[in-house]
Amino acid sequence: MASVTIISSCVHHNLHRHPSPSILTPFKTPRSSSFINSKPIVINPKRTVSSSSSSHIRIYKSSSFDFTSYIVRKAESVNKALDLAVPLQEPLKIHEAMRYSLLAGGKRIRPVLCLAACELVGGEPSVAMPAACAVEMLHTMSLIHDDLPCIDNDDLRRGKPTNHRVFGENVAVLAGDALLPFAFEHLVTATSPEVSPVRLVRAVGELARPVGVEGVAAGQVADISSEGLDSNDVGLEHLEFIHLRKTAALLEASAVLGGIVGGGSDDEIERLRQYARCIGLLFQVVDDILDVTKSSQELGKTAGKDLVADKLTYPKIMGLEKSREFAEKLSRDARDQLLGFGSDKVAPLLALASYIANRQN
(Lines give C-alpha, C1' and ligand atoms only; values in the text may rest on other atoms or scores of the structure.)
Protein backbone atom coordinates (compact mmCIF):
# COMPACT_ATOMS: atom_id res chain seq x y z
CA MET A 1 0.00 0.00 0.00
CA ALA A 2 1.37 3.40 -0.94
CA SER A 3 1.95 5.95 1.79
CA VAL A 4 -0.35 8.92 2.18
CA THR A 5 1.34 12.29 1.72
CA ILE A 6 -0.01 15.31 3.51
CA ILE A 7 1.20 18.82 2.90
CA SER A 8 1.66 20.75 6.12
CA SER A 9 3.51 23.90 7.04
CA CYS A 10 3.55 23.40 10.80
CA VAL A 11 5.62 20.30 11.40
CA HIS A 12 8.74 20.68 9.27
CA HIS A 13 9.54 24.23 10.28
CA ASN A 14 13.18 24.59 11.30
CA LEU A 15 13.69 27.64 13.45
CA HIS A 16 17.46 27.56 13.10
CA ARG A 17 17.39 27.43 9.31
CA HIS A 18 14.43 29.79 8.94
CA PRO A 19 14.60 32.30 11.79
CA SER A 20 11.73 34.68 12.39
CA PRO A 21 12.69 38.24 11.45
CA SER A 22 10.26 39.79 13.93
CA ILE A 23 7.30 38.94 16.12
CA LEU A 24 5.06 40.35 13.43
CA THR A 25 5.88 37.54 10.98
CA PRO A 26 2.48 36.22 9.84
CA PHE A 27 1.36 33.18 7.97
CA LYS A 28 1.51 34.48 4.41
CA THR A 29 -1.10 33.50 1.89
CA PRO A 30 0.75 32.04 -1.09
CA ARG A 31 0.29 34.05 -4.27
CA SER A 32 1.10 31.14 -6.56
CA SER A 33 -1.28 28.39 -7.64
CA SER A 34 0.11 26.13 -4.95
CA PHE A 35 -1.78 26.38 -1.68
CA ILE A 36 1.04 25.48 0.68
CA ASN A 37 4.73 25.54 -0.17
CA SER A 38 6.51 23.17 2.19
CA LYS A 39 7.77 19.65 2.66
CA PRO A 40 5.19 16.89 2.96
CA ILE A 41 4.40 14.77 5.98
CA VAL A 42 4.56 11.10 5.09
CA ILE A 43 2.36 8.89 7.21
CA ASN A 44 3.46 5.29 7.55
CA PRO A 45 0.49 3.16 6.50
CA LYS A 46 1.91 0.09 8.24
CA ARG A 47 1.57 1.68 11.65
CA THR A 48 -1.58 0.53 13.37
CA VAL A 49 -3.69 2.92 15.39
CA SER A 50 -6.48 1.84 17.68
CA SER A 51 -9.96 2.97 16.72
CA SER A 52 -10.83 3.45 20.37
CA SER A 53 -11.57 7.08 21.17
CA SER A 54 -9.61 6.76 24.41
CA SER A 55 -6.44 5.30 22.94
CA HIS A 56 -5.78 6.62 19.44
CA ILE A 57 -3.76 9.60 20.73
CA ARG A 58 -1.03 9.54 23.35
CA ILE A 59 -2.16 11.54 26.38
CA TYR A 60 0.24 13.89 28.13
CA LYS A 61 0.38 12.98 31.81
CA SER A 62 2.07 14.71 34.70
CA SER A 63 1.95 13.60 38.31
CA SER A 64 2.27 17.21 39.44
CA PHE A 65 -0.11 18.96 37.02
CA ASP A 66 -3.90 18.71 37.03
CA PHE A 67 -5.01 19.97 33.63
CA THR A 68 -8.72 19.58 34.37
CA SER A 69 -8.48 21.90 37.36
CA TYR A 70 -6.29 24.29 35.39
CA ILE A 71 -8.64 24.68 32.43
CA VAL A 72 -11.74 24.90 34.65
CA ARG A 73 -10.10 27.61 36.74
CA LYS A 74 -8.93 29.56 33.69
CA ALA A 75 -12.28 29.19 31.92
CA GLU A 76 -14.08 30.54 34.97
CA SER A 77 -11.83 33.59 35.05
CA VAL A 78 -12.40 34.14 31.33
CA ASN A 79 -16.17 33.83 31.76
CA LYS A 80 -16.14 36.45 34.52
CA ALA A 81 -14.05 38.80 32.40
CA LEU A 82 -16.35 38.37 29.40
CA ASP A 83 -19.42 39.01 31.54
CA LEU A 84 -17.92 42.29 32.72
CA ALA A 85 -16.70 43.26 29.26
CA VAL A 86 -20.14 43.00 27.61
CA PRO A 87 -22.76 44.12 30.16
CA LEU A 88 -26.47 44.03 29.46
CA GLN A 89 -27.36 47.60 28.43
CA GLU A 90 -29.31 49.54 25.85
CA PRO A 91 -30.09 48.68 23.17
CA LEU A 92 -31.06 45.47 24.99
CA LYS A 93 -31.72 43.25 21.98
CA ILE A 94 -28.24 43.48 20.49
CA HIS A 95 -26.53 43.07 23.87
CA GLU A 96 -28.75 40.11 24.72
CA ALA A 97 -27.78 38.46 21.44
CA MET A 98 -24.06 39.16 21.95
CA ARG A 99 -24.13 37.82 25.49
CA TYR A 100 -26.24 34.80 24.53
CA SER A 101 -23.47 33.39 22.35
CA LEU A 102 -20.49 34.89 24.14
CA LEU A 103 -21.51 33.48 27.54
CA ALA A 104 -22.90 30.17 26.28
CA GLY A 105 -20.01 28.25 27.78
CA GLY A 106 -17.70 26.16 25.68
CA LYS A 107 -14.20 24.94 26.42
CA ARG A 108 -12.58 28.40 26.07
CA ILE A 109 -9.57 26.79 24.42
CA ARG A 110 -8.48 29.97 22.63
CA PRO A 111 -8.47 32.33 25.61
CA VAL A 112 -6.92 29.67 27.83
CA LEU A 113 -4.21 29.21 25.21
CA CYS A 114 -3.60 32.96 25.23
CA LEU A 115 -3.23 33.02 29.02
CA ALA A 116 -0.99 29.93 29.07
CA ALA A 117 1.27 31.39 26.36
CA CYS A 118 1.63 34.59 28.38
CA GLU A 119 2.64 32.59 31.45
CA LEU A 120 5.04 30.47 29.41
CA VAL A 121 7.15 33.52 28.45
CA GLY A 122 7.10 34.92 31.99
CA GLY A 123 4.10 37.25 31.90
CA GLU A 124 1.23 37.56 34.37
CA PRO A 125 -2.05 36.03 33.09
CA SER A 126 -3.98 39.14 34.19
CA VAL A 127 -2.02 41.15 31.62
CA ALA A 128 -3.22 38.82 28.85
CA MET A 129 -6.87 38.65 29.94
CA PRO A 130 -8.08 41.48 27.63
CA ALA A 131 -6.36 39.74 24.70
CA ALA A 132 -7.89 36.42 25.74
CA CYS A 133 -11.35 38.00 25.83
CA ALA A 134 -10.80 39.68 22.47
CA VAL A 135 -9.90 36.35 20.88
CA GLU A 136 -13.05 34.76 22.30
CA MET A 137 -15.16 37.63 20.99
CA LEU A 138 -13.82 37.03 17.49
CA HIS A 139 -14.33 33.30 17.84
CA THR A 140 -17.94 33.84 18.95
CA MET A 141 -18.52 36.21 16.04
CA SER A 142 -17.31 33.54 13.62
CA LEU A 143 -19.59 30.92 15.20
CA ILE A 144 -22.66 33.15 14.98
CA HIS A 145 -21.99 33.85 11.33
CA ASP A 146 -21.02 30.25 10.49
CA ASP A 147 -24.33 29.01 11.87
CA LEU A 148 -26.44 31.31 9.68
CA PRO A 149 -28.70 29.72 7.03
CA CYS A 150 -26.62 31.31 4.25
CA ILE A 151 -23.49 29.45 5.41
CA ASP A 152 -23.78 26.28 7.56
CA ASN A 153 -27.48 26.57 8.51
CA ASP A 154 -27.02 25.07 11.97
CA ASP A 155 -29.67 24.72 14.67
CA LEU A 156 -27.42 23.85 17.63
CA ARG A 157 -24.30 25.40 19.12
CA ARG A 158 -22.84 24.33 22.48
CA GLY A 159 -26.02 22.39 23.15
CA LYS A 160 -28.29 25.40 22.72
CA PRO A 161 -30.29 26.82 19.80
CA THR A 162 -28.07 28.91 17.56
CA ASN A 163 -28.19 32.68 17.79
CA HIS A 164 -30.34 33.25 14.71
CA ARG A 165 -32.86 30.65 15.92
CA VAL A 166 -33.38 32.68 19.08
CA PHE A 167 -33.00 36.29 17.91
CA GLY A 168 -33.62 36.06 14.16
CA GLU A 169 -31.14 36.29 11.31
CA ASN A 170 -31.03 40.08 11.27
CA VAL A 171 -30.10 40.44 14.94
CA ALA A 172 -27.67 37.51 14.76
CA VAL A 173 -25.78 39.15 11.89
CA LEU A 174 -25.62 42.41 13.82
CA ALA A 175 -24.50 40.66 17.02
CA GLY A 176 -21.57 39.16 15.15
CA ASP A 177 -20.86 42.49 13.48
CA ALA A 178 -20.81 44.20 16.88
CA LEU A 179 -18.46 41.68 18.47
CA LEU A 180 -15.91 42.11 15.68
CA PRO A 181 -14.89 45.75 16.29
CA PHE A 182 -15.51 45.50 20.02
CA ALA A 183 -12.81 42.84 20.28
CA PHE A 184 -10.25 45.37 19.09
CA GLU A 185 -11.66 48.13 21.27
CA HIS A 186 -11.45 45.90 24.32
CA LEU A 187 -7.88 44.81 23.54
CA VAL A 188 -6.70 48.41 23.21
CA THR A 189 -8.62 49.99 26.08
CA ALA A 190 -8.43 47.21 28.68
CA THR A 191 -4.82 46.05 28.29
CA SER A 192 -2.54 47.18 31.12
CA PRO A 193 -0.30 50.22 30.49
CA GLU A 194 2.67 48.03 31.38
CA VAL A 195 2.37 46.55 27.89
CA SER A 196 4.30 48.92 25.64
CA PRO A 197 2.49 50.75 22.81
CA VAL A 198 4.74 48.95 20.30
CA ARG A 199 3.69 45.55 21.57
CA LEU A 200 0.04 46.58 21.75
CA VAL A 201 0.09 47.67 18.10
CA ARG A 202 1.69 44.35 17.19
CA ALA A 203 -1.03 42.56 19.10
CA VAL A 204 -3.72 44.46 17.17
CA GLY A 205 -2.13 43.35 13.90
CA GLU A 206 -2.05 39.73 15.02
CA LEU A 207 -5.68 39.88 16.15
CA ALA A 208 -6.84 41.30 12.81
CA ARG A 209 -5.16 38.74 10.58
CA PRO A 210 -7.13 35.58 11.48
CA VAL A 211 -10.52 37.12 10.65
CA GLY A 212 -9.53 38.73 7.34
CA VAL A 213 -8.53 37.56 3.89
CA GLU A 214 -5.57 35.64 5.32
CA GLY A 215 -7.79 33.94 7.90
CA VAL A 216 -11.38 32.92 8.48
CA ALA A 217 -12.81 34.80 5.49
CA ALA A 218 -10.46 33.09 3.03
CA GLY A 219 -10.93 29.69 4.65
CA GLN A 220 -14.71 30.01 4.73
CA VAL A 221 -14.94 31.00 1.07
CA ALA A 222 -12.68 28.11 0.06
CA ASP A 223 -14.78 25.77 2.21
CA ILE A 224 -18.05 26.91 0.65
CA SER A 225 -16.56 26.59 -2.83
CA SER A 226 -15.48 23.03 -2.05
CA GLU A 227 -18.93 21.65 -1.23
CA GLY A 228 -19.83 18.81 -3.55
CA LEU A 229 -16.38 18.57 -5.13
CA ASP A 230 -14.84 15.15 -5.70
CA SER A 231 -12.12 14.58 -3.09
CA ASN A 232 -10.00 12.90 -5.76
CA ASP A 233 -9.96 16.14 -7.75
CA VAL A 234 -9.21 18.49 -4.84
CA GLY A 235 -6.79 16.81 -2.47
CA LEU A 236 -5.28 17.46 0.92
CA GLU A 237 -3.45 20.66 -0.08
CA HIS A 238 -6.78 22.37 -0.60
CA LEU A 239 -8.20 21.01 2.65
CA GLU A 240 -5.20 22.27 4.59
CA PHE A 241 -5.49 25.68 2.92
CA ILE A 242 -9.03 25.89 4.30
CA HIS A 243 -8.28 24.84 7.84
CA LEU A 244 -5.01 26.69 8.36
CA ARG A 245 -7.15 29.78 7.87
CA LYS A 246 -10.59 28.78 9.08
CA THR A 247 -9.50 27.03 12.29
CA ALA A 248 -5.76 27.27 12.93
CA ALA A 249 -5.36 31.02 12.32
CA LEU A 250 -7.34 32.09 15.40
CA LEU A 251 -5.59 29.55 17.62
CA GLU A 252 -2.29 30.83 16.25
CA ALA A 253 -3.30 34.39 17.08
CA SER A 254 -4.30 33.32 20.60
CA ALA A 255 -0.85 31.92 21.37
CA VAL A 256 1.02 34.75 19.67
CA LEU A 257 -1.02 37.44 21.45
CA GLY A 258 -0.21 35.83 24.79
CA GLY A 259 3.47 35.76 23.88
CA ILE A 260 3.49 39.39 22.75
CA VAL A 261 1.74 40.96 25.75
CA GLY A 262 3.63 38.62 28.07
CA GLY A 263 6.95 40.04 26.90
CA GLY A 264 8.18 37.03 24.90
CA SER A 265 11.18 37.12 22.59
CA ASP A 266 10.93 36.71 18.83
CA ASP A 267 12.11 33.11 19.05
CA GLU A 268 9.64 32.24 21.81
CA ILE A 269 6.75 33.79 19.92
CA GLU A 270 7.66 32.01 16.70
CA ARG A 271 7.72 28.67 18.48
CA LEU A 272 4.34 29.46 20.00
CA ARG A 273 3.10 30.29 16.50
CA GLN A 274 4.21 26.92 15.13
CA TYR A 275 2.82 25.05 18.14
CA ALA A 276 -0.56 26.73 17.72
CA ARG A 277 -0.61 26.07 13.98
CA CYS A 278 -0.18 22.38 14.67
CA ILE A 279 -2.90 22.20 17.31
CA GLY A 280 -5.12 24.29 15.03
CA LEU A 281 -4.99 21.63 12.33
CA LEU A 282 -5.25 18.99 15.05
CA PHE A 283 -8.44 20.61 16.33
CA GLN A 284 -10.00 20.40 12.88
CA VAL A 285 -8.92 16.83 12.19
CA VAL A 286 -10.43 15.73 15.51
CA ASP A 287 -13.56 17.80 14.79
CA ASP A 288 -13.99 16.02 11.47
CA ILE A 289 -13.55 12.64 13.17
CA LEU A 290 -16.10 13.47 15.87
CA ASP A 291 -18.59 14.67 13.25
CA VAL A 292 -18.81 11.15 11.82
CA THR A 293 -18.41 9.14 15.05
CA LYS A 294 -20.53 11.01 17.63
CA SER A 295 -24.21 11.91 18.03
CA SER A 296 -25.65 15.43 18.16
CA GLN A 297 -26.36 14.93 21.87
CA GLU A 298 -22.74 13.96 22.54
CA LEU A 299 -21.36 16.85 20.49
CA GLY A 300 -23.75 19.58 21.61
CA LYS A 301 -24.18 20.52 17.95
CA THR A 302 -25.57 18.92 14.83
CA ALA A 303 -23.67 15.73 14.03
CA GLY A 304 -23.05 14.55 10.47
CA LYS A 305 -23.74 17.97 8.96
CA ASP A 306 -20.50 17.94 6.94
CA LEU A 307 -21.52 14.64 5.37
CA VAL A 308 -24.96 15.99 4.52
CA ALA A 309 -23.44 19.15 3.03
CA ASP A 310 -20.95 17.01 1.08
CA LYS A 311 -18.03 19.03 2.47
CA LEU A 312 -14.40 18.08 2.22
CA THR A 313 -13.21 16.58 5.49
CA TYR A 314 -10.15 14.64 6.58
CA PRO A 315 -12.05 11.33 6.99
CA LYS A 316 -13.61 11.82 3.55
CA ILE A 317 -10.24 12.30 1.87
CA MET A 318 -7.96 10.15 4.04
CA GLY A 319 -10.30 7.71 5.72
CA LEU A 320 -10.94 7.48 9.46
CA GLU A 321 -7.82 5.53 10.46
CA LYS A 322 -5.42 7.74 8.51
CA SER A 323 -7.12 10.81 9.98
CA ARG A 324 -6.40 9.45 13.44
CA GLU A 325 -2.78 8.85 12.50
CA PHE A 326 -2.48 12.41 11.23
CA ALA A 327 -3.97 13.71 14.47
CA GLU A 328 -1.39 11.77 16.46
CA LYS A 329 1.45 13.21 14.39
CA LEU A 330 0.19 16.78 14.74
CA SER A 331 -0.08 16.32 18.51
CA ARG A 332 3.49 15.03 18.66
CA ASP A 333 4.86 17.83 16.47
CA ALA A 334 3.05 20.48 18.53
CA ARG A 335 4.77 19.18 21.66
CA ASP A 336 8.13 19.23 19.90
CA GLN A 337 7.83 23.01 19.49
CA LEU A 338 7.80 23.36 23.28
CA LEU A 339 11.11 21.63 23.91
CA GLY A 340 13.45 23.84 25.92
CA PHE A 341 10.83 25.81 27.82
CA GLY A 342 10.74 25.51 31.61
CA SER A 343 8.93 22.36 32.71
CA ASP A 344 6.88 24.20 35.34
CA LYS A 345 5.35 26.56 32.77
CA VAL A 346 5.10 24.32 29.73
CA ALA A 347 2.79 21.72 31.31
CA PRO A 348 -0.48 23.53 30.43
CA LEU A 349 0.40 23.76 26.72
CA LEU A 350 1.57 20.14 26.58
CA ALA A 351 -1.65 19.06 28.23
CA LEU A 352 -3.73 21.33 25.96
CA ALA A 353 -2.36 19.58 22.86
CA SER A 354 -3.31 16.24 24.38
CA TYR A 355 -6.72 17.58 25.42
CA ILE A 356 -7.49 18.76 21.89
CA ALA A 357 -6.37 15.43 20.49
CA ASN A 358 -8.59 13.45 22.86
CA ARG A 359 -11.66 15.68 23.19
CA GLN A 360 -15.03 14.01 22.76
CA ASN A 361 -17.13 17.03 21.77
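## A walk through a predicted helical chain

In this predicted model, helix 1 (residues 67-85) packs against helix 16 (residues 343-358) at an angle of about 95 degrees, and the axes of the two helices lie 10 Å apart. An α-helix has 3.6 residues a turn, so residues three or four places apart point the same way.

With that pair in view, the whole chain can be considered. Its secondary structure comes to 16 helices and 4 strands, and of its 361 residues, 55% count as buried. Among the contacts between residues at least 6 apart in sequence, 80% join residues that are at least 24 apart. The chain exposes about 15,300 Å², of which carbon and sulfur atoms supply 54%.

The mean pLDDT of the chain is 82, and 79% of the residues reach 70 or more. Among the elements of the chain, helix 6 (residues 169-190) has the highest mean pLDDT, 98, whereas strand 2 (residues 40-43) has the lowest, 33. Two stretches call for particular care: over residues 1-7 pLDDT stays under 50, and the model has 28 contacts beyond four places in sequence for them; over residues 11-61 pLDDT likewise stays under 50, and here the model has 130 such contacts.

Although Thr189 and Pro130 are 59 residues apart along the chain, their C-alpha atoms are separated by 8.7 Å. In the loop that runs between helix 6 and helix 7 (197-208) lies Pro193, which is exposed with a relative accessible area of 81%. The C-alpha atom of Pro193 is separated by 9.3 Å from that of Val127, a residue 66 places away along the chain.

Val256 is buried, with a relative accessible area of 0%, and, leaving aside neighbours within four places in sequence, Val256 is in contact with Glu206, Ile269 and Arg273. The C-alpha atoms of Val256 and Arg202, which are 54 residues apart along the chain, are separated by 9.9 Å. Helix 10 also takes part in packing with helix 8 (residues 216-226), whose buried residues are Val216, Ala218, Gly219, Gln220, Ala222, Asp223 and Ser226; these buried residues pack against helix 4 as well as helix 10. Just after helix 8, Gly228 takes a positive phi of about 85 degrees.

Most residues other than glycine have a negative phi, and most peptide bonds are trans. Against that background, the peptide bond from Glu90 to Pro91 is cis, with omega near -10 degrees, and Pro91 lies in the loop between helix 1 and helix 2 (92-102). Arg108, which is not a glycine, has a positive phi of about 60 degrees and lies in the loop between helix 2 and helix 3 (109-120). At 2% relative accessibility, Arg108 counts as buried, even though it sits in a loop. Asn153 is also not a glycine and has a positive phi of about 55 degrees, its place being in the loop between helix 4 (125-146) and strand 3 (156-157). Asn153 is partly exposed, with a relative accessible area of 41%.

Methods: Residues numbered from 1 in each chain as written. Predicted model: local features only at pLDDT ≥ 70, side-chain atom pairs only at ≥ 80, totals over all residues. Heavy atoms only, no water. Axes fitted to C-alpha atoms, helices over the stretch in contact; angles between N-to-C directions. pLDDT = per-residue confidence, 0-100. Contact = heavy atoms within 4.5 Å. Buried < 20%, exposed > 50% of the residue type's maximum accessible area, 1.4 Å probe, protein only. Areas by Shrake-Rupley, 256 points an atom, 1.4 Å probe, with all protein chains shown as cover.
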